[in-house]
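Reader: I have a sequence and a model on my screen. Can we go through the structure one point at a time?

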Amino acid sequence: MNLLLAIVAGGKRLRPGTKLNYGFAVREWLAFAGEVPDGWSPYRVEKFYLALRRKMTTASANNVIAGVRYASRRYASVHGGVDFAAAIETERPEERAPPVALSRADIHRLLQACRGTAPADLRDRALVILGVTTGLRRDGLAGIAFGDFKLARGFDYQTAEVTLKGGRRFAVPLLDGALAAILPWRKWLASQEITSGRFFRSVSLPTIQGPRTIGKAISNDGVYKCLSRRARAANVTGYHPHAMRHAFVTFCRSAGVPLHEIAAITGHQIEGSGVIDRVYSDQATIGASALRSIAPVFAEFFATAAAGS
């Protein structure tokens with residue numbers, strides 16, 4: 001393994017996602033500048049940055065340079081080499097308009113695009129319902145396992161335990177309507193004797209060569225591909241990886257749901273959390289209050305989901 005790649009792989013303070021991105025950046029750098037330190041110079045880094053900006057956005061190019069800077073800095077401090085990327089100056093990324101949240105009509109069209117009883121329809125309908133009623137990111141949806149569905153301590157509502165950014169585990173309160181909407185997918189999995197492991201799986205169509213097959217757990221990108229494909233079929237424009245999360249928060253804010261109750265579902269960190277601790281006894285209590293507040297906000301979607309079965 002090249003020394004720079006080994007530096008990234010051995011970064012103890014790097015989160016897994018960051019390590020993956022930095023590894024990609026270093027591989028891009030090595031493909032451009034070569035495997036040996038003789039080609040690692042500030043001049044080559046400048047040329048590398050210009051080449052990156054010709055094939056990707058400024059923001060993406062800056063992210064690649066951030067990975068190279070990390071490896072360069074560690075190469076100098078730990079291995080006595082030259083910090084060849086220290087002097088590179090990156091451009092300010094282009095201003096982008098914030099993404100527009102999906103409308104209620106968009107959500108209905110997405111659910112209608114999943115109508116039917118084919119396994120992929122059941123799965124994608126469950127993804128839409130869970131996404132829009134919890135604000136879960138695609139990695140949260142992809143990571144849900146059968147064992148993550150649990151009763152909240154001291155209450156009769158269910159939660160889904162997910163891993164948030166930074167590795168924090170969080171119990172997401174679930175509406176009864178959402179649980180009912182994902183039940184057809186759960187029943188189909190049970191009919192295939194799948195009752196453990198990841199909850200959302202890839203499903204292939206039956207062919208003349210053989211029957212339908214159930215694949216591995218879908219990845220973060222797999223969740224996005226499933227839902228973006230449904231968005232195209234439903235003529236829903238502006239779908240993006242955080243579309244469901246934005247829609248959830250937008251619908252709740254428009255309905256006057258308090259911020260601390262929204263955060264009890266999404267896992268957002270908000271200012272004034274000390275006030276929450278004084279008013280509520282624990283997270284399960286806040287979750288129960290949040291579910292009462294958001295239930296009428298999302299009731300109409302459950303009817304659409306049920307009609308698609």
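The questions below go from the whole chain to single residues.

Author: This is a predicted model, in which local features need pLDDT of at least 70, side-chain atom pairs count only at pLDDT 80 or more, and totals for chains, interfaces and linings use all residues. Residues are numbered from 1 along each chain as its sequence is written, and side-chain values use heavy atoms, with hydrogens and water left out.

Reader: How many helices and strands does the protein chain have?
Author: Helices (H or I, at least four residues) and strands (E, at least two) are DSSP runs, numbered from the N terminus. On that basis the secondary structure of the protein chain comes to 13 helices and five strands.

Reader: What share of the residues of the protein chain count as buried?
Author: Buried means under 20% relative accessible area, exposed means over 50%, and partly exposed lies in between, with a 1.4 Å probe and protein chains only. The protein chain has 309 residues, and the share that counts as buried is 44%.

Reader: What part of the contacts in the protein chain with a separation of 6 or more comes from residues 24 or more positions apart?
Author: Contact means heavy atoms within 4.5 Å. Among the contacts with a separation of 6 or more, residues 24 or more positions apart account for 60%.

Reader: How far apart do the centres of the positive and negative side chains lie?
Author: Lys and Arg count as positive and Asp and Glu as negative; His and the chain ends are not counted. Each charge is placed at NZ of Lys, CZ of Arg, CG of Asp or CD of Glu. The protein chain has 41 positive and 24 negative side chains, and the centres of the two sets are separated by 3 Å.

Reader: Which element gives the most to the lining of the largest pocket?
Author: On a 1 Å grid over the protein atoms alone, a pocket is an open set of points where a 1.4 Å probe fits, with protein on both sides within 12 Å along at least five of seven lines; lining residues have an atom within 4 Å of a point. The largest pocket is lined by 24 residues, and Gly17, Asp139, Leu164, Lys165 and Asn220 lie nearest its centre. Two or more lining residues come from each of helix H2 (16–33), helix H7 (138–143) and strand E2 (158–163). The top contributor, with five residues, is H2.

Reader: Which residues does Gly267 contact, leaving aside its neighbours within four places in sequence?
Author: Gly267 sits in the loop between helix H11 (259–266) and helix H12 (273–279). Its relative accessible area is 7%, so Gly267 is buried. Gly267 and Leu164 are 103 residues apart in sequence, yet 7.6 Å apart in space, C-alpha to C-alpha. Beyond the sequence neighbours, the contacts of Gly267 are Leu164, Arg168 and Phe170.

Reader: Is Leu4 buried or exposed?
Author: Leu4 belongs to helix H1. Leaving aside neighbours within four places, Leu4 is in contact with Val26, Trp29, Leu30, Trp40, Ala71, Tyr75 and Phe84. The relative accessible area of Leu4 is 0%, so Leu4 is buried.

Reader: How far is Ala6 from Asp156 in space?
Author: Ala6 is also placed in helix H1 (residues 3–9). With a relative accessible area of 33%, Ala6 is partly exposed. Ala6 and Asp156 are 150 residues apart in sequence, and their C-alpha to C-alpha distance is 49 Å.

Reader: What does Glu91 touch, not counting residues up to four places away in sequence?
Author: Glu91 lies in the loop between helix H4 (58–79) and helix H5 (104–113). Its relative accessible area of 41% makes Glu91 partly exposed. Glu91 and Thr58 are 33 residues apart in sequence and 6.9 Å apart in space, C-alpha to C-alpha. With residues up to four places away not counted, Glu91 touches Tyr49, Arg53, Thr58 and Asn62.

Reader: What is the phi of Glu193?
Author: Most residues other than glycine have a negative phi. Glu193 is in the loop between helix H8 (176–191) and strand E4 (201–204). Glu193 is exposed, with a relative accessible area of 73%. Glu193 is not a glycine, but its phi is positive, at about 65 degrees.

Reader: Where is His240 placed?
Author: His240 is buried, at 13% relative accessible area. His240 touches Pro99, Val100, Tyr224 and His246, with residues up to four places away not counted. The place of His240 is the loop between helix H9 (220–233) and helix H10 (243–254).
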